[in-house]
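My notes follow the structure.

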Amino acid sequence: MTSDTAQTESVATETENLREVITRARYVLFDFDGPVCRLFAGHSAEDVAKDLVEWLEQHGLLGLLTEDERVHPDPMAVLYAVNRRDPRSDLVAELEERLTYQELQAVPSAWPTAFADPLIRTWSAVGVRLAIATNNSPRTAAGYLASRGLTECFAPNIYGRTRDLHRLKPDPHCLNRALNALGAAPSAALMIGDAPSDLVAARQAGVPFLGYARNEDKGKLLRDAGAEHVVDSLEPVLRLVRDQG
């Protein structure tokens, strides 16, 4: 067997495996930031993290963060750190609200993930029920979906961050909320996520998982975490859904 033949057979096998995952799903749970859009594409996540750190400093609370956490580029890391040291406090509630405000500010400059809009519309049109299961604020996800004319594909099934931060993914809380609202058996659902935390949450909820990786680093993280099915574009998923319809 030549290398070209082996590669062709490998691609065919991957396509068939993906087809099986897609055709089995009657309910699809989307992570938001990644599979649906790049929320901070035009509104730097690092700047948002800096804003949260500066707010803590202004309130004399910088000591809640380690030196590494003070320069972390992910605003969620700042929120997690404060919650670990002062859980369910008014401070955490204020910081979470500030992060939500920054997310909402980012919505107008968010970049749609390639093929996400037509995939969402097509899946909805063929009768598959959709939900959002995200660590972002549900207000942020709802605002973005409204801006793209996608609200009807999901509403009211948008589940995101609450002030109980210990229930963020990898905890399966938002997935379970979505499954319960949809009346979905976990085995009949599919979670599409771009991070190992999405994979862990899906496993704990008993939901099959499809990884979306916009670059090689994200793909490696997902595969190293044990993801069996990973795509670097939603185009083949869209093609299979259209075939299904």
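**Ground rules.** I am working with a predicted model, where local features need pLDDT of at least 70, side-chain atom pairs count only at pLDDT 80 or more, and totals for chains, interfaces and linings use all residues. Residues are numbered from 1 along each chain as its sequence is written, and side-chain values use heavy atoms, with hydrogens and water left out.

**Entry 1: the sheet.** I looked up the strand order. Helices (H or I, at least four residues) and strands (E, at least two) are DSSP runs, numbered from the N terminus. Two strands pair if DSSP finds at least two bridges between them. I found an open sheet of 6 strands, in the order β5-β4-β1-β6-β7-β8, with parallel pairing. β5 (158-159) and β8 are the edge strands, each pairing on one side only. I then picked β6 (189-193) and β7 (209-212), which are joined by 3 bridges. I192 has L210 in β7 as its bridge partner.

**Entry 2: R139.** I found R139 in helix α7 (138-147). Beyond its neighbours within four places in sequence, R139 is in contact (heavy atoms within 4.5 Å) with E97, T100 and L104.

**Entry 3: the largest pocket.** A pocket is an open set of points on a 1 Å grid where a 1.4 Å probe fits, with protein on both sides within 12 Å along at least five of seven lines; lining residues have an atom within 4 Å of a point. The largest pocket holds about 750 Å³ of space. It has 29 lining residues, and D33, D74, M76, D194 and K218 are the closest to its centre. α4 gives the most to this lining, 4 residues.

**Entry 4: the second largest pocket.** I noted about 470 Å³ of space here. 19 residues line the second largest pocket, with E14, R223, V230, V231 and D232 nearest its centre. α1 supplies the largest share of this lining, 5 residues.

Definitions and conventions. Grid points are joined across faces, edges and corners, and a volume is the space filled by probe spheres set on the points.
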